[in-house]
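This report walks through one protein chain for a reader who has not seen it before. Please look over the sequence and the model before reading on.

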Amino acid sequence: MIEHFTEALVINKGDSGEADNLITLYTRDFGKVMARAKGAKRIISKLSAHLEPLNFVSVRLIEGKGFQIADALTIDRQPLLRNTPEDLLKSLKLIQFINEMTVELQPDYNFWLAIKKAIGDLVDDEKNLYRYLLKILGFDPEFAVCFFCHKKPVKCFFKEDQAFFCNQCGWKIPGNKVISI
């Protein structure tokens, strides 16, 4: 078993058995990681408050047959305690984007820095934020053409098919799966 200490953003928290949680983290050193938090659902658990979505945590992971969270300590509780409900919705949309657009164990330090800045500042111009994140992930909208009509400029990105669309063609795609850029 190997111990790792790293910073992470808690993306998702799900059930795993009676007393355990399955936590999705985006870590500085490993990228996206699914880790089990043993006993995190118990009333006396020290981990549960730290492992809430949108928290930046310092985490100790034990690597064996997968990852297990041994310790977690909140570094920054963003934006749950000090921002508006609109900022909370923007943050939840952002972590959903991170979860859908990344694969496990593919670290990207530049993407990590962009996430920290995006959650910390909650940039007012969401379109530029997503354009920037897509560019880091290798989907540069500047060089993209519409999937249907092959015209520029593109105005939205469909996460499921990882395709760009112009204004005229974007309306054909279901709204909750499209990101305006």
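## Salt bridges

Asp15 is exposed, with a relative accessible area of 61% (exposed means over 50%, buried under 20% and partly exposed in between, using a 1.4 Å probe and protein chains only). The model is predicted, so local features need pLDDT of at least 70 and side-chain atom pairs count only at pLDDT 80 or more, while totals for chains, interfaces and linings use all residues. Residues are numbered from 1 along each chain as its sequence is written, and side-chain values use heavy atoms, with hydrogens and water left out.

Asp15 and Lys41 meet through their side chains in a salt bridge of 3.6 Å, N to O (a salt bridge is a side-chain nitrogen of Lys or Arg within 4 Å of a carboxyl oxygen of Asp or Glu). Lys41 lies in the loop between S3 and strand S4 (55–64) and Asp15 in strand S1, so this pair ties together parts 26 residues apart in sequence. Helices (H or I, at least four residues) and strands (E, at least two) are DSSP runs, numbered from the N terminus. Lys41 is partly exposed, at a relative accessible area of 32%.

The count by this rule comes to 8 salt bridges. One of them joins Lys116 and Glu7, with the closest N and O atoms 3.0 Å apart. Because Lys116 lies in helix H2 and Glu7 in strand S1, the pair ties together parts that are 109 residues apart in sequence. Lys116 is partly exposed at 34%, and Glu7 also counts as partly exposed, at 22% relative accessibility. Another salt bridge is formed by the side chains of Asp71 and Arg60, at 2.5 Å from N to O. Asp71 lies in strand S5 (residues 66–77) and Arg60 in strand S4, so parts 11 residues apart in sequence are tied together. Asp71 counts as partly exposed, at 40% relative accessibility. Salt bridges that share partners join Glu7, Arg28, Asp29 and Lys116 into one network.

## Nonpolar cores

The largest nonpolar core has 26 residues, of which Leu9, Leu94, Ile98, Ile115 and Ile119 touch the most other members. A nonpolar core is a set of buried Ala, Val, Leu, Ile, Met, Phe, Trp, Tyr and Cys residues joined through side-chain atoms within 4.5 Å. At least two residues of this core come from each of strand S1 (2–16), helix H1 (85–101), helix H2 (109–121) and helix H3 (126–136). H2 gives the most, with 6 residues.

Leu94 touches Ala118, Ile119, Leu129, Tyr130 and Leu133, not counting residues up to four places away in sequence (contact means heavy atoms within 4.5 Å). A second, separate core of 17 residues includes Ala8, Leu25, Ala37 and Ile69.

## Two buried loop residues

Phe30 lies in the loop between strand S2 (20–27) and strand S3 (31–37). It counts as buried, at 17% relative accessibility. With residues up to four places away in sequence left out, Phe30 touches His4, Leu61, Leu105, Gln106 and Pro107. Gln106 is 76 residues from Phe30 along the chain, yet their C-alpha atoms are separated by 6.2 Å.

Thr102 is placed in the loop between H1 and H2, and is buried with a relative accessible area of 9%. A polar atom of the Thr102 side chain lies 2.6 Å from the backbone oxygen of Ile98. Not counting residues up to four places away in sequence, Thr102 touches Tyr26, Lys32 and Phe111.

An open sheet of 3 strands has the order S7-S6-S8, with antiparallel pairing. Two strands pair if DSSP finds at least two bridges between them. The edge strands, S7 (163–165) and S8 (178–180), each pair on one side only. From one strand to the next, the twist averages 25°. Strand S6 (residues 156–158) pairs with S7 in the antiparallel sense over 3 bridges. Phe165 in S7 is the bridge partner of Cys156.

Both of these residues are also in contact with Gly170, neighbours within four places in sequence being left aside. Gly170 is in helix H4 (residues 167–170) and counts as buried, at 13% relative accessibility. From Gly170 to Ile43 there are 127 residues in sequence and 47 Å in space, C-alpha to C-alpha.

Notes. Axes are lines fitted to C-alpha atoms, for helices over the stretch in contact, and angles run from 0 to 180 degrees between N-to-C directions. A polar contact is a pair of N or O atoms within 3.5 Å; within protein, one must be able to donate a hydrogen and the other to accept it, and residues adjacent in sequence count only if both atoms are side-chain atoms.
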